[in-house]
Structures are given as structure tokens and as C-alpha cells.
Amino acid sequence: MMSLKLVYPALALILWMFVVLGILFLRRKAAFAGKQVRMADVAVSTEAYPQPARLAAANFANQFETPVIFFALIMLAMEVGATSYGMAVLAWLYVASRVAHTLIHVGSNDLRLRAPAFGLGVVVLFGMWIGVVLAVL
């Protein structure tokens, strides 16, 4: 039987990606409602949006960078049986790092905080990769 320990953090991250998309939608809607931007201003490029909307768009784009590695590792871990509680903890740590990264990115956007949140996620992914490799050796 499939282990659900790794399915839950994957589903949580997918839900978070929808939350980020919602933030993006609300910020863009606010830009139009506040007449900060017109349709013609963003028909070709989104650079005319005000900074809050651009930050949300950048963060949404980030959800398709290192999370791709996360989802691949989740699937590989489940396939090779690397589904220990340690792997589950790493998966949840990665999800937490992505949530923290988003909150900083669309909030203060302080790189002194955002970079460590991103770095933690990358280190956790490497730990997950090690777990998968050890399972196949």
C-alpha cells in the first residue's frame, strides 16, 4: 500500500500554490480597481503593474522552480520506498520554507530574510535527494 506520509506535504504545497495564485489575482484586481493600471498597459508586459502585484507574480512564477524538484523527489521517494518519517519531516520542512518564502516575498520582500528561507528549502531538497539515493543503493 502507498504511504500517505509524503502525499500530504505534496498536497499542501499544491494548495499553497493556489493560495499564491489567489494573492496574485487579488493584487491585480486591486490595481485595476484603483486605476493604477489599464488593460492596454499590461496586454504585452506585466511590468506596468504596481509593485505588490509584480511581487505576487514573481512569487507565483517561483512556485514552478524548486517545487518541480520537490514533486519529482516525492514521486521518486514513493517509488523506491524512501518514505520514512525522516523523509516526511524533510518534505514538511520544504513546504514550510516555501510558505515562509512567499510570506516574505509578497510582504516585506526583505532579501535578508527571503534568501535564507529559499536556501533552507534547497538544503532540504538536497537532503530528500540523499534519502532517495540511499534507498536505491
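**Entry 1: a salt bridge to start with**

I began with R112, which forms a salt bridge with D110, the closest N and O atoms being 2.9 Å apart. For my own record, a salt bridge here is a side-chain nitrogen of Lys or Arg within 4 Å of a carboxyl oxygen of Asp or Glu. R112 counts as exposed because its relative accessibility is 68%. My cut-offs for that: buried means under 20% relative accessible area, exposed over 50%, and partly exposed in between, with a 1.4 Å probe and protein chains only.

A note on what I am looking at: this is a predicted model, where local features need pLDDT of at least 70, side-chain atom pairs count only at pLDDT 80 or more, and totals for chains, interfaces and linings use all residues. Residues are numbered from 1 along each chain as its sequence is written, and side-chain values use heavy atoms, with hydrogens and water left out.

**Entry 2: the other bridge**

How many salt bridges does the structure hold? I found 2. Besides the R112 pair, the side chains of R38 and D41 meet at 3.0 Å, N to O. R38, at 56% relative accessibility, counts as exposed, whereas D41, at 29%, counts as partly exposed.

**Entry 3: the overall picture**

Next I stepped back to the whole protein. I see 6 helices and 0 strands, in the order α-α-α-α-α-α from the N terminus on. Helices are DSSP runs of H or I with at least four residues, strands are runs of E with at least two, and both are numbered from the N terminus. The C-alpha trace spans about 55 × 30 × 20 Å along its principal axes. Of the 137 residues, 36% count as buried. I also looked up contacts, meaning heavy atoms within 4.5 Å. Among those with a separation of 6 or more, 76% come from residues 24 or more positions apart.

**Entry 4: α1 against α3**

How do helix α1 (residues 7-33) and helix α3 (residues 51-62) cross? Their axes come within 9 Å and cross at roughly 155°. That makes α1 roughly antiparallel to α3. The axes are lines fitted to C-alpha atoms, for helices over the stretch in contact, and angles run from 0 to 180 degrees between N-to-C directions. Under 35 degrees counts as roughly parallel, over 145 as roughly antiparallel, 65 to 115 as roughly perpendicular and the rest as oblique.

I then listed who touches whom. On α1 the contact is made by M17, V20, L21, I23, L24, R27 and R28, and on α3 by P52, A53, L55, A56, A57, N59 and F60. By class I have 11 nonpolar, 1 polar and 2 charged residues. In this scheme Ala, Val, Leu, Ile, Met, Phe, Trp, Tyr, Cys and Pro count as nonpolar, Asp, Glu, Lys and Arg as charged, and the others, Gly among them, as polar.

**Entry 5: two positive phi values**

Most residues other than glycine have a negative phi, so I checked for exceptions. K35 has a positive phi of about 55° although it is not a glycine. K35 is found in the loop between α1 and α2 (39-42) and is exposed, with a relative accessible area of 72%.

N109 also has a positive phi, near 55°. N109 is found in the loop between α5 (85-105) and α6 (111-136). Is N109 buried or partly exposed? At a relative accessible area of 21%, N109 is partly exposed.

**Entry 6: what N109 meets**

Leaving aside its neighbours within four places in sequence, I find N109 in contact with L55, I104 and R114.
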